[in-house]
Amino acid sequence: MPSSVMPTSSMGDGEPSPVAVSTVGLRKSYGDKPVLDGIDLRIPAGSVFALLGPNGAGKTTVVKILSTLITADAGELHVGGHDLAADPQAVRAAIGVTGQFSAVDGLITGEENMLLMADLHHLSKSEGRRVAAELLERFDLVEAAKKPASTYSGGMKRRLDIAMTLVGNPRIIFLDEPTTGLDPRSRHNMWGIIRELVSDGVTVFLTTQYLDEADELADRIAVLNDGRIAAEGSAEELKRIVPGGHVRLRFTDPAAYQSAASALREATRDDEALALQIPSGGTQRELRSILDWLDSAGIEADELTVHTPDLDDVFFALTGGTDPQPGRSSLPSQPKEAVR
C-alpha cells in the first residue's frame, strides 16, 4: 500500500472510514526484555482511542514509537496514511504530541511559548501571531498570555501545552496521560477540550490511568498488559465481558422475600438484608422478565437495583494477578470480589 494512501475501517453503519493509526505486529524490546509483543491496532479518524494499562505496561513506549521518537523492532505501522518506517517526516507533519511532562518553557510568557512553536513550524510572523492569538483565545489564556508560564496553574500549563501542540494544525494528537496531577475541575476542563478537538475531526490517541477518563471520553479502549493487548472494544463492550453483573431485589416483607427466594433458586440469598441477587447483564429484556415474573407471582419487591461491571472491574480482571493467554485473551471467569 502506498504510504500516502490512508487505509479504511468499517463504521457501524457499514460505511468505510479512514484509519488514522494502524499497527500490525508492533514489537519493541529493551535488551532481552520484550516491552511490546505484537500489538495490533486500527484507530478510525475523528475518534478518541484510549490505551489503558498498569505502570510499566508499555503505554508510553507505544506513543513514542508512533510519534517517531523511538523506532520499533518490528511491525507494519501507519500514521495519518503514511508508512512510519518509510516516511517519518510525513508522520511528524501530521501529528501533535503532548507528553506526561509539560513542554512549556516557564521562563517566557504563554504568548512567547506559542510564537516559538509557530517559528518551529516555519509560519510567517504575521501567520504565527494570528494562530497564536486564536489558540490563546480558544483555550481561555488571553488574560495570562503576557505572564511568565511559570506563574500558571497546572491546568493552565496543560491547556497551553495542548495549544502549542495545535499550532501546526495536526489531525492526529497523542496525549500521554494529559490530566495526571490536575485537580478535578481542571480534569473536566481538559475533557471538554478533547471533545472539542474530536468534534473538529481530530483523532485523539489517549493514554491514561484514570478509568473514568477513558469511560467518559473514548470511543474505543484497549487494555495493555505484559506487552500485549488483553482486550479491546467500546467501554460498554468491555464491561459486558466481565462477569458479576446482577439485579438485586430487596424486600421489607419476610413472607414476600421467602416466596421469591423459593421460586428464584438461581438467586443468591441475603437473609439478613432480605435481599436476592440474580445474575443478569442488566438488559431491558432481562429486567422486563424479572418484573413480569414478580407481577405474575403477586410478589412486590420494595427495591430493585441493577449492578453492572465498570472499567475498574475490567482493569482488575485483565491485569490483577491473572496469567493472560497469548494474544487477545478472554477475561477470567471469576467474580469481581475474587479479582480484587
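1. The largest pocket in this predicted model has 22 lining residues. Those nearest its centre are Ile95, Gly96, Val97, Met117 and His121. The volume of the largest pocket is about 530 Å³.

2. Which elements each supply at least two residues of that lining? They are α2 (88–94), β7 (95–98), α3 (110–120) and α5. The largest share comes from β7, with four residues.

3. Now to helix α6, residues 184–199. With 16 residues at 1.5 Å a residue, α6 should span 22 Å. Its end C-alpha atoms lie 23 Å apart, which agrees.

4. The buried residues of α6 are Ser186, Arg187, Met190, Trp191, Ile193, Ile194, Leu197 and Val198. Viewed down the helix axis, the buried residues of α6 fall within an arc of 160°, so they line one face. Note that Ser186 and Arg187 are buried here, whereas Pro184, Arg185 and Ser199 are exposed, on the face of α6 turned away from its buried side.

5. At its start, a side-chain oxygen of Asp183 comes to within 3.0 Å of the backbone nitrogen of Arg185. Arg185 is itself one of the exposed residues. Just after α6, Gly201 adopts a positive phi of about 95°.

Notes
Residues numbered from 1 in each chain as written. Predicted model: local features only at pLDDT ≥ 70, side-chain atom pairs only at ≥ 80, totals over all residues. Heavy atoms only, no water. Expected span 1.5 Å × (residues − 1). Buried < 20%, exposed > 50% of the residue type's maximum accessible area, 1.4 Å probe, protein only. Arc of directions from axis to C-beta. Polar contact = N/O pair within 3.5 Å; in protein donor to acceptor, adjacent residues only side chain to side chain. 1 Å grid on protein atoms, 1.4 Å probe; cavity = no way out; pocket = protein on both sides within 12 Å on 5 of 7 lines; lining within 4 Å. Points joined across faces, edges and corners; volume = space filled by probe spheres on them.
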